[in-house]
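Please consult the sequence and the three-dimensional view alongside the text.

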Amino acid sequence: MDSHWLILHEFKFRTYSALFWSWTTNFLFLQVFFFLWVINPWNHVYVVHDYVLRLLSFHVWLVIFTLAFVSATYIALFANHFSVVPKVEVSHYETLKKCFHGKHVMYVLCHSLLAIVIFTFVSLLVPSQYSSPLTDCSAQASTGEICFNEHWLLLLLFSGFVGTVNFIANEKEQKYCLSFPLVQQTRLLYLKCNFSTIVKNATISCTRLLRNFVMFYYFLGFVPRDLIAGFLGLKTCDYHVISVMNIFAILPILWTLLLCGTLLLVFHDVSWNLFNLCNTKRYNFLLESVFPEDATKILTANLNGKQPPLVQHLAFQHLSHVTCHSANVRKQIFSLERGGVGNRSSKWNVIADECLLCIKNLTNALTDHNLKHSSLFDNDQKGISRLSSKSSTSSQSSTDEKSPFLSVSTLRRRPLQSDASNSPNMSYFDVSSLDATTTNSGNVNSPYRSGPNLVIPTPKLWTRQLYKGSFSNSPVTQNADGYNEKVDQHQLNTQMSGLFARIEKLAKKFSIVSYLIKKMPDRSAANLFSGRCVCKWALQSISIVVEASFTEDNFGVVQRRLHEIIAVLLDLHTALEKYNKLPVASSSQAVLSLLREIRGLRNECKNAIYRITNTFGSHLDAVPINPEHKRKLRGFVEHKE
């Protein structure tokens, strides 16, 4: 991905642009934060005078400038850890494997350390009890003895807790995946419209995190305090910061932690939104060029799946935009190129192939999922029917037990003997347990009757000769020594695979193993819609081109593939309708957001079909498609779908 020309140039430029806008926005927001930091309900009445004096200090502006730059480094973390196509882990084992992956652990530590650095600079804005790790041992500060400052430790621990938990929660909910908006907005307008929502969500999240942190620190906060104080060789204070005996002393601490935590979450959310906004902005690809060095920058060369996901998404996004708003681009698509085989439009063929390929991939995935889900449902129904049939056949089993000849248990298999019959295709069963009536009812002179033994014809197997006395004349035993010396590799592989299958089956009997490796159907279904954006743009692009071809296609390059396009669209519509009837339930927000995409895909698929049917109308009767597709297409023509 790093070697692609778009990643080397355009992506870096957009990342630097997001970095600049993040620094500017955070710098402006820090002015409001500094006002709330100084003017709080627990300060004295001359706080406004102190705020004006501190605002004129060079130290404050230097810290604000540095803090805005440090907070903008979130963009660098996002640039190295983002995804374009969301992918949900289908089992708990994959989730644990991802959590303990080295790269994931490294990003967790980076977010935690960045949060600690930001909180450290925040504590340096105004000299307070959170600025230094040293303080007076007495609460009245009457003695000159120096002790370890628990307020400073509380601020740093809370910063690391907020940074770590916030990253893990966003990673779990797939919030580090680029979301392409339907309407392209400018950065300033986007922040103006969504800034209040960002601050509100950050405050709510910080309140929940603060509640959990205070409960955790109240019970186990003395452990890190004593460890760090012992490492630094300092004494601890004779009073506790978090104590239920002094509720009013906790309120200023909670206000400070809530304010700092909200600031950190706002920095994080604003930086991510700016990064997403810059990198999902539409890029203008070239449709054709006379220069050979621009061959890799052509739109048709960046639509295939071999390109990086970000490049493919931007290419389909540009294709959907230009086919909808540019008549000149559609004219170039409909034009014939000289030297083409059979006067075919190469641009149209490439665009149609790539769009239909994306639609077919989604259709095949949905079809396979529908078949698998329906087969599991049928198996469950068969199991229920078997249970119901057992009760009906239980009454007949008592009457069947009265006839010993009908019971298979009365036929006891006896071992083959060398002095029995020489026929290799005979099996012997002991019939001595049969009663006299049943035994004498048969023909005594039957060739399959020999004393108390009942001889039943069975298929002849060559392995029967191994049990028949002479082994020296058998063709199988002539090469027995050579066969034992040379081990068959294929048979060994088969035995090993069978051994592993038995071990896996045995391991699944343990509940903890079965819980970890069991695949969750809702997450498997959610991964089907990972390429939803590309499929929507493909549906929109190809339907708009076909709609415009009715009046703009002078050479008929689109109509020659009209039957194929209609068949693919109808197949996708059928697969989506069948999938919509399957019950899927989930509690994860990431899974639910992906499963909700089926409604948008269904609407886009219907819009694509209606664009074609409303344009061509009764002319579609001449399109060579199968009767099933023709019947469904008639429903769209008559607006019955």
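How are α20 and α23 oriented to each other: roughly parallel or roughly perpendicular? This is a predicted model, in which local features need pLDDT of at least 70 and side-chain atom pairs count only at pLDDT 80 or more, while totals for chains, interfaces and linings use all residues. Residues are numbered from 1 along each chain as its sequence is written, and side-chain values use heavy atoms, with hydrogens and water left out.

The axes of helix α20 (residues 562-580) and helix α23 (residues 627-637) come within 10 Å and cross at roughly 80 degrees. The two helices are therefore roughly perpendicular to each other; angles under 35 degrees count as roughly parallel, over 145 as roughly antiparallel, 65 to 115 as roughly perpendicular and the rest as oblique. Axes are lines fitted to C-alpha atoms, for helices over the stretch in contact, and angles run from 0 to 180 degrees between N-to-C directions. Helices are DSSP runs (H or I, at least four residues), numbered from the N terminus.

On the α20 side, the contact (heavy atoms within 4.5 Å) is made by I566, A567, L570, D571, H573 and T574. On the α23 side, H629, K632, L633 and F636 take part. By class, this contact of α20 with α23 has 5 nonpolar, 3 polar and 2 charged residues. Ala, Val, Leu, Ile, Met, Phe, Trp, Tyr, Cys and Pro count as nonpolar, Asp, Glu, Lys and Arg as charged, and the others, Gly among them, as polar.

## Positive phi angles

Most residues other than glycine have a negative phi. Q174, although not a glycine, has a positive phi of about 60 degrees. Q174 lies in the loop between α7 (150-172) and α8 (187-220) and is buried, with a relative accessible area of 16%. Buried means under 20% relative accessible area, exposed over 50%, and partly exposed in between (1.4 Å probe, protein chains only).

H639 also has a positive phi, near 55 degrees. H639 is placed in the segment after α23 and is exposed, at a relative accessible area of 52%.

## A buried threonine

T262 belongs to helix α10 (residues 247-279). With 11% relative accessibility, T262 counts as buried. Not counting residues up to four places away in sequence, T262 touches V199, A202, T203 and C206.

## Cysteines

A search of the whole structure finds 0 disulfides, a disulfide being a pair of cysteine sulfur atoms within 2.5 Å. For C605, the nearest cysteine sulfur is that of C535, 8.0 Å away. C605 is buried, with a relative accessible area of 0%, whereas C324 counts as partly exposed at 36% relative accessibility.
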